[in-house]
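Please keep the sequence and the three-dimensional view at hand while reading.

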Amino acid sequence: MTQHNLLQMFFYFIIIILLVRPLGWYIYRVYEGKSCGLNNIFGPVEQGCYRICGIDSKQGMSWKTYLYCMLIFNMFGMLLLYLILRIQYYLPLNPESFSSIPPDLSFNTAASFVTNTNWQAYSGETSLSYLTQMLGMTVQNFLSASTGLSLFVALTRGFSRQASGTLGNYWVDMTRGTLYILLPLACILAMALSAQGVIQNLNPYQKFYALQNPIEEQTLPMGPVASQVAIEQLGSNGGGFFNVNAAHPFQNPTPLTNLLEMLAILLIPAALCYTFGMLINDRKQGWAILFIMLILLIPIAIMTVISEQQIVPNFISMDIQQTGNMEGKELRFGVFNSAFWTSLTTATSNGSVNSMLDSYTPLGVFSALWLMHLGEIAFGGVGSGMYGIIMVFIIAVFIAGLMVGRTPEYLGKKIEPFEMKMACVAILIMPLFTLLLTAIASVTTLGTSSVSNPGPHGFSQILYAFTSMGNNNGSALSGLQANTPFYNIAGGIEMLLSRYWVAIPVLAIAGSMAKKTFVPKSAGTLSTHTPLFIFFIVSVSVIIGGLSFFPSLALGPIVEHLTFWGYHGS
Amino acid sequence: MDMKHIRTASRLLLLLTLLTGLVYPLSITGLAQLFFPWQANGSLLKKDGKIIGSTWIGQSFTSPDFFHGRPSATSPLPYDAKNSSGSNLALTNPMLIHALQTNIHNLHLLDPENHQRIPIDLVTHSASGLDPDISPMAALYQIPRIAKVRGISNDVLTHIVDQYTMRPYAGFMGEPRVNVLALNMALLSHSKAG
């Protein structure tokens, strides 16, 4: 890390922290149904939606109704996306006449976008029409993010209400989140990006004659990129317009677009900490969560950068002037902005990449895996990161309660066996599926035939794929041939289960919490925002993630690291 | 559960799909075309009335009288703009070592008298396969070869490279870099003028 790198990182986090309070406050007002400055523009649209859809915006929902509405809305969304992919060839706005997508890949892609994962087993510029990118991908980038926000808000209402049977109205949360939060932010970012050179058009692919070889005709891809990239980053979706995602110069042409997109990755997940504090009327809790997330993220980010900036031992004997590992990285980002981006994108469940992770150092791959193995709680996806870390809080106060022999409480509500069971279910689903599928893929040719790199790195490719899909992240060690029926179907199912099966216990806890009344504070009440408790939560997260995954990390990146440096004795 | 929610779900999905999937991207397209037409259409460059590429998309340069860009792993041909791709080779993969050795060998073949160490970005594949830039060091490394082939002095070439070096924003954001296409166009116009 050079001084410039530290300065950039510092500058980045300062901007994020300065934006946390105003945006968090704004999001709070949106979900509390208060006026938020955009009512003149979007108010009529909102009311129109309610009228056409027959939504009674005053009516609260029980947790089961909320869950039911969320599930059918998402199921319809997935069916629509699947349909668009399957009949793409017959739809308009397809200047390159791309054929329709085969069933297994369509299933995987639909599951991927509806669950906010955005794992991409296809290559954007060679397989998707403009209509599919807009009406399919961009739509789910909005709706999956808005769903995540709704689930978070519903859970929070469970804590802030007492003796109540309802968690708010799913339709209202979806509509308001999309209209007032995601759309305006996406518009601003999309315009800023297109000013910098991110393309935004509906032209057919552009022919050109290159400078050195003006005889042969070549082709530049085109498309409505800026509008999709904006929401891709803001909604922690991460599904790129092009095959190489944010490494593509048309998607991320300058260091400035890179900074804007990196800010967008962390913006909403960070602001939600403050929103949480406001919703439960205890802002210290919100700041504490933000602090915990930063503690989990920053050291790993620094480790990734340092690991990538080191000389590559296999290159020592060659006639190369080494300035860090530049294989699979773009020059305009350099090692620092590539490695830093990778940490941000794996810490949030964003998953867009601006460099090729398959060519990272073993420790770089380790860090990316580690951040996902924490369960996407160090910021995590929009909404999903917050409800993920609240599950960890519930488990942590339970453990702390056991130590001091008191009934555990969180935010003034008693944590009882039902909540504990649900929190455990929510936490354990991800490691279960990730490890199970990794194991199956590692010992069958179905899984191993897709591997492209030899040795322990090949195992890392499989582990990474199922970790990424199991955490709704979407980044990949993309040498892995992921477009096979096995990876498409197993991965599709994994993405669906790890998104929706977690939503059930989360809403169940919300429903049961809302019914409870507040316990008056006493001398024995465990305060959950003190430095001691922050340290405790960080430890619990690391222990859960570490114990679940350390053996598999040992077989992949750790072995690779040892052999990587083994011959060179440093 | 009743049909009411199903009806609401399908209608709301339809409305929000129209709003975020058509109204939003089409409005952004309209605004971008209005305010930033050149950028929104790919920052295309023209020479003698013909489109010769985009500022942001790197091109294949292999002849000794041009500055070369970074190795590209797109297939079937390098710098195939409609097939962005990295090499996805692990650092521990022998194929990567082999690819690097080939790249080093080729650079040495073009200029056997150049014994400087080769900057790493000139032998490693970029992430997109379309990287438009090289480091200033990588440009300086190639100067002796171009000076010989084109008969332009080292000092003039160094000056051109320096002129086309983009520095980090505010002195610390991003990396110093040189756009290879811009640099080669400058080279051509200098050769013509000289």
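## The hairpin of chain B

L44(B) stands opposite S54(B), a residue of strand β2 of chain B. Strands β1(B) and β2(B) pair in the antiparallel sense over 4 bridges; pairing of two strands requires at least two bridges between them in DSSP. Strands (E, at least two residues) and helices (H or I, at least four residues) are DSSP runs, numbered from the N terminus. The hairpin has 2 residues between its strands, and D48(B) takes a positive phi near 55° in it. Of the 5 residues of β2(B), 4 are buried, which leaves the strand mostly covered; buried means under 20% relative accessible area, exposed over 50%, and partly exposed in between (1.4 Å probe, protein chains only).

The model is predicted: local features need pLDDT of at least 70, side-chain atom pairs count only at pLDDT 80 or more, and totals for chains, interfaces and linings use all residues. Residues are numbered from 1 along each chain as its sequence is written, chains are lettered from A and ligands numbered from 1 in the order in which they are written, and side-chain values use heavy atoms, with hydrogens and water left out.

## Backbone features in the loops of chain B

Most residues other than glycine have a negative phi, and most peptide bonds are trans. Against this background, S43(B) has a positive phi near 45° although it is not a glycine. S43(B) lies in the loop between α2 (37-40) and β1 (44-47) of chain B. Is S43(B) buried or exposed? S43(B) counts as buried because its relative accessible area is 0%.

The loop between β2 (50-54) and α3 (94-110) of chain B contains P76(B). The peptide bond that leads from S75(B) to P76(B) is cis, with omega near 5°. Y79(B) is also found in the loop between β2 and α3 of chain B, and the phi of Y79(B), a residue other than glycine, is positive, near 55°. With a relative accessible area of 6%, Y79(B) is buried.

Helix α2 of chain A covers residues 39-53, which is 15 residues. The buried residues of α2(A) include F42(A), G43(A), E46(A) and C53(A). What covers them includes α7 (170-196) of chain A together with α1 (3-35) of chain B, where contact means heavy atoms within 4.5 Å. After α2(A) comes G54(A), with a positive phi near 65°.

β1(A) pairs with strand β2 (residues 217-220) of chain A in the antiparallel sense over 4 bridges. Which residue of β2(A) is the bridge partner of Q206(A)? The partner is L220(A).

## A nonpolar surface patch

On the surface, L83(A), I87(A), Y89(A) and Y90(A) form a nonpolar patch with about 450 Å² of accessible area together. Patches are made of residues with over 30% relative accessible area and no salt bridge, like charges being joined within 9 Å and nonpolar side chains (Val, Leu, Ile, Met, Phe, Trp, Tyr) within 5 Å. Accessible areas come from the Shrake-Rupley method with a 1.4 Å probe; for residues, only the protein chains shown count as cover. I87(A) is found in the loop between α3 (63-86) and α4 (103-114) of chain A, and I87(A) is partly exposed at 33% relative accessible area.

## Salt bridges

Side chains of opposite charge can pair when their charged atoms come close. A salt bridge is a side-chain nitrogen of Lys or Arg within 4 Å of a carboxyl oxygen of Asp or Glu, and the whole structure has 16 of them over all chains. One joins the side chains of K329(A) and E308(A), at 2.8 Å from N to O. This pair links distant parts of the chain, 21 residues apart: K329(A) is in the loop between β3 (320-321) and α11 (334-347) of chain A, and E308(A) is in helix α10 (residues 283-309) of chain A. Both K329(A) and E308(A) are buried.

In chain B, D80(B) forms a salt bridge with K82(B), with the closest N and O atoms 3.5 Å apart. D80(B) counts as buried at 12% relative accessibility, whereas K82(B) counts as partly exposed at 31%. A network of salt bridges links E330(A), R332(A), R70(B) and D131(B).

Methods:
Expected span 1.5 Å × (residues − 1).
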